[in-house]
Amino acid sequence: MRMRALTAGLGLAMTLSAPSAVDAQARARFGMMTPMRDGVQLASDVWMPEAPGRYPTIVIRTPYLKTMDLLEAPKRGAFWASKGYVLVIQDVRGRGDSEGRFSFFAGDAEDGYDTIEWIAAQPWSNGRVGMMGVSYLGTVQWLAARAHPPHLVCIAPTAPAGRWTEELPYQGGAFMHQWALNWINGTSGRISQGENATGVDAERLLAHRPLISADSAMGRTMPLYRAFLENPLMNDYWRKIQFSLDDFATIDIPTLTVTGWFDGDQPGALFYWRGLEARAPDKSKHFLVAGPWDHVQTFVGGAPKIGELEVGQASIVDNQDLHLRFFDWCLAQRTERFDQPRVRVFVTGSNQWRSFDSYTPSAVEDRTFYLSSGGRANSLAGDGKLTTAAPGNEPPDHFTYDPKRPVPSDIGGATYAIDRRPIQRRDDVLVYTSDVLTSPVEVIGNIQVTVSAATDGRDTDFTAVLTDVYPDGRAVALGSSIGIRRGRYRFPNREALLTPGKVEQYPIELFDIAHRFEPGHRIRIEISSSAAPRFNPNQNTGNPVATDTAWRVARQTVHHDRANASSIRLPVLKSTLVP
C-alpha cells in the first residue's frame with residue numbers, strides 16, 4: 001500500500017481548476033519581489049490588463065507554488081485581466097521563489113499586510129485590494145484581515161481552516177496522523193515534496209511507534225510534525241493564529257465564505273462564519289454558500305455526484321461567476337449590491353438550494369434521538385435502535401477494541417458519502433437504526449453526539465458516524481467528518497486520564513450537514529473506537545501519546561439507560577418535525 005494524500009482540509013488546494021480560456025491578453029510580470037518588514041522578500045507573478053492604468057487587485061497567497069501546472073495561472077490571470085482586475089499570485093514565505101523559512105501560517109498576518117500595502121502603492125493598482133483562494137489560501141485571508149491593512153477592502157475565503165485543535169491537526173483530541181505526515185512532508189521544501197511519499201509503505205509507516213519519530217521513518221525529520229504532536233491543546237502555540245470573538249468584532253469588510261458538507265475544512269469555514277454572525281459590526285456585508293462538495297469542489301463548483309449521493313446538475317455552482325459578481329460589487333464598485341442571498345445552502349437528499357437570512361437558520365429546532373438496544377447492538381445483525389423516546393432501564397452494549405485491528409476510516413480510498421455497510425458488519429461497531437420514516441426529516445446545522453460509556457483502560461477513543469439508510473439498504477455516510485473523542489481530552493482544553501470502569505460522557509461533534517431523510521429511509525448512527533488511518537488508533541494505555549510504544553486491547557461498554565443516556569441531537573427544519 002502506497003502513501004496517498006488525504007483530500008481533507010489543507011490537502012489539495014493546489015488542484016484548483018482554471019477558469020475557461022478567454023480571448024483577452026494580459027500583461028504579465030513574473031518574479032516580482034516584495035519586501036517584508038523584516039527584510040525577507042516574497043515572490044509574486046502578476047497579470048494585469050493590456051491597457052495601462054490603475055486597477056483593483058486580487059491577491060492569492062499560496063504555499064503550493066504559484067507556478068504549479070494545475071493552477072494554470074496564466075489562464076486565470078488572463079480571465080481576471082479581461083474583467084479589469086490585476087491578479088497577483090504569491091509564494092508564501094519559505095516556499096517557491098520566496099525567501100525566508102516556511103512554517104504553519106507563521107508570519108502570514110504580517111506578510112499579508114505588507115503585501116497588500118505594497119500592492120496599493122504600485123502604479124498598476126488603484127489602491128483597492130481583495131483576496132481569494134481555497135484552503136490554506138483561504139486562512140491567510142483571515143489572518144491578513146485581522147491585521148487590518150488599510151487597503152484591503154474584501155476577502156473571499158473558500159474552505160479556510162481555522163478551528164485549531166478541533167479541526168486540524170486534532171479532532172476531538174485525536175491526532176490526524178495520516179494528514180499530518182502527508183501535508184507536512186509535502187511542504188517541507190521550497191518545492192513540492194509530495195512525490196517522495198509515493199513509494200512509502202503506508203501501513204508500516206502509520207503503525208510506527210512512537211508517533212514522534214514517524215517523520216524519520218518516512219524519510220526526513222519534520223520539526224512542524226513534532227511541534228503538532230507536542231501541542232495537543234489550545235495554548236500559545238495555536239493562539240497566535242486562532243481567532244477570538246473579539247477579533248470578529250473588528251472585521252468590517254465584506255466577506256464571501258464558501259464551504260461544503262463534505263469539506264474537511266468545513267469546521268474552520270463555519271467557525272469564521274459563526275464568529276461574524278455573533279460579533280461583526282454589519283452582518284449584511286457577509287455571505288455564505290455551502291454546497292454538497294468536498295474540499296477541492298468548494299472552489300471548482302462541484303459535480304453531479306459525490307460518493308453514493310446523486311446531487312444533480314443543480315448542485316454545480318459557477319464559482320468563477322460568483323467571485324466575479326462579489327468583486328464587481330465590493331472591490332471594483334461597479335454594482336450597487338451583490339445579487340446573492342446572504343445564506344445559500346444545498347440540501348442533499350431533496351437536492352434543492354435553500355436561502356436563509358442567517359446560518360444556522362432560525363427555522364430549525366433541535367430534536368434528540370436516543371440509542372437503545374437489548375444489549376446486542378453489535379454490527380448490522382444486532383438489535384440497536386434509534387428512537388425519540390427517552391430510554392428506560394435497558395442493558396448496555398459491549399465491544400472489544402483492538403488498536404492493532406482498527407475500524408477503517410474509508411473504503412477503497414474514499415471517505416465521504418460512502419456506503420458504510422462493510423464497516424457496519426464488524427462486531428466492534430455498534431449500530432443503531434431508526435424505524436422506517438413515514439415523513440421527511442430535514443436536518444440543517446451542527447450535529448452533536450453524546451456517548452455514555454466506560455472502558456477498562458486509562459484512555460481510549462469513541463467515534464460516531466451518521467448515515468442515511470436507503471430503501472435498498474445502502475448506508476450512506478453524511479457530513480464532512482467521522483466524529484471522535486479521545487478520552488483524556490473529554491473536558492474542554494485539559495487532559496484527564498480515565499478511571500477504569502467509570503461511566504463518563506463523551507461529547508462528539510459531527511460538524512454540519514444539510515440533508516433531507518426521505519420517507520422510506522432510516523436514520524442510523526454507528527459507534528465504535530477507531531477510524532484509521534485518518535486518526536491514530538488510541539493505544540489504550542494512558543501513556544503520553546507522542547512517545548507511547550505499548551499497546552493494549554480495551555473492553556468498551558456503551559450505556560443508554562435512564563441514568564446514562566446516549567444520544568444524537570439533530571437540528572430539524574420545523575416544517576418537517578413530527579410528534
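Trainee: How many of the residues in this protein are buried?
Mentor: This is a predicted model, and in it 62% of the 579 residues of the protein are buried.

Trainee: What radius of gyration would a compact globule with 579 residues have, and what does the protein have?
Mentor: A compact globule with 579 residues would have a radius of gyration near 25 Å, and because the protein has 24 Å, the two agree. Along the principal axes, the C-alpha trace spans about 75 × 55 × 40 Å.

Trainee: How many helices and strands are there?
Mentor: The protein has 13 helices and 26 strands, and of the contacts with a separation of 6 or more, 76% are accounted for by residues 24 or more positions apart.

Trainee: Switching to charges, how far apart are the mean positions of the positive and negative ones?
Mentor: There are 61 positive and 63 negative charges in the protein, and their mean positions are 2 Å apart.

Trainee: Now Gly100, where does that residue lie?
Mentor: Gly100 lies in the loop that runs between strand 4 (86-91) and helix 2 (108-120).

Trainee: Why does Gly100 count as partly exposed?
Mentor: Its relative accessibility is 29%, so Gly100 counts as partly exposed, given that the partly exposed class falls between under 20% for buried and over 50% for exposed.

Trainee: Which residues does Gly100 touch?
Mentor: Leaving out residues up to four places away in sequence, Gly100 touches Val40, Arg93, Gly94 and Arg190. As for Gly39, that residue is 61 residues from Gly100 in sequence, and the two are 9.4 Å apart in space, C-alpha to C-alpha.

Notes
Residues are numbered from 1 along each chain as its sequence is written. This is a predicted model: local features need pLDDT of at least 70, side-chain atom pairs count only at pLDDT 80 or more; totals for chains, interfaces and linings use all residues. Side-chain values use heavy atoms; hydrogens and water are left out. Helices (H or I, at least four residues) and strands (E, at least two) are DSSP runs, numbered from the N terminus. The radius of gyration is taken over C-alpha atoms; the globule rule is 2.2 Å times the number of residues to the power 0.38. Buried means under 20% relative accessible area, exposed over 50%, partly exposed in between (1.4 Å probe, protein chains only). Contact means heavy atoms within 4.5 Å. Lys and Arg count as positive and Asp and Glu as negative; His and the chain ends are not counted. The place of a charge is taken as NZ of Lys, CZ of Arg, CG of Asp or CD of Glu.
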